[in-house]
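Hi everyone, thanks for making time for this one. Let me put the sequence and the structure up on the screen.

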Amino acid sequence: MAARFASIADVAETLNISSRQAYGLVTSGELPAIKIGKAWRIEFVELEAFIQRQYDDSRSRIASGEFADSEPESDD
């Protein structure tokens with residue numbers, strides 16, 4: 001049986017963000033999760049849905065011209 005849940009660390013790695021940023025997504029409600037004991041767990045389907053929402057939001061912003069004058073983000 002495949003794993004159903006990801007940890008905060010898994011989310012951070014998947015999204016290439018810090019654990020603190022991943023925790024913020026969870027505690028803000030942007031990324032639905034459950035708390036088991038002291039640990040947060042995120043269903044992989046919720047993580048995929050969050051990623052899709054981010055794509056949809058980016059497409060909308062690009063279409064509206066919101067990113068037209070933005071400078072590219074550095075990968076440093």
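Predicted model: local features only at pLDDT ≥ 70, side-chain atom pairs only at ≥ 80, totals over all residues.

Residues are numbered from 1 along each chain as its sequence is written, and side-chain values use heavy atoms, with hydrogens and water left out.

Let's begin with the core. By nonpolar core I mean a set of buried Ala, Val, Leu, Ile, Met, Phe, Trp, Tyr and Cys residues joined through side-chain atoms within 4.5 Å. Buried is under 20% relative accessible area, exposed is over 50%, and partly exposed is in between, with a 1.4 Å probe and protein chains only. The largest such core here has 12 residues, among them Ile-8, Val-11, Leu-25, Leu-47 and Phe-50. Helix 1 (8–15), helix 2 (19–28) and helix 3 (44–63) each supply at least two residues of it. Helices here are DSSP runs of H or I with at least four residues, strands are runs of E with at least two, and both are numbered from the N terminus.

Which residues does Val-11 touch, leaving out those up to four places away in sequence? With contact meaning heavy atoms within 4.5 Å, Val-11 touches Ala-6, Ala-22, Leu-31, Ile-42 and Leu-47.

Now have a look at Tyr-23, in helix 2. At 43% relative accessibility, Tyr-23 is partly exposed. Beyond four places in sequence, Tyr-23 touches Ile-8 and Trp-40. Tyr-23 and Ile-8 are 15 residues apart in sequence, yet their C-alpha atoms are 6.3 Å apart.

On to charges. A salt bridge is a side-chain nitrogen of Lys or Arg within 4 Å of a carboxyl oxygen of Asp or Glu, and the structure holds four. One of them joins Glu-43 and Arg-4, at 2.7 Å from N to O. Glu-43 sits in strand 3 (residues 39–43) and Arg-4 in the segment before strand 1 (5–6), so this pair ties together parts 39 residues apart in sequence. Glu-43 is partly exposed at 23%, whereas Arg-4 is exposed at 53%.

Finally, Asp-57, Arg-61 and Glu-66 are linked in a salt-bridge network. Arg-61 pairs with Asp-57 at 3.2 Å and with Glu-66 at 3.8 Å. Asp-57 and Arg-61 are four residues apart in helix 3, so about one helical turn separates them.
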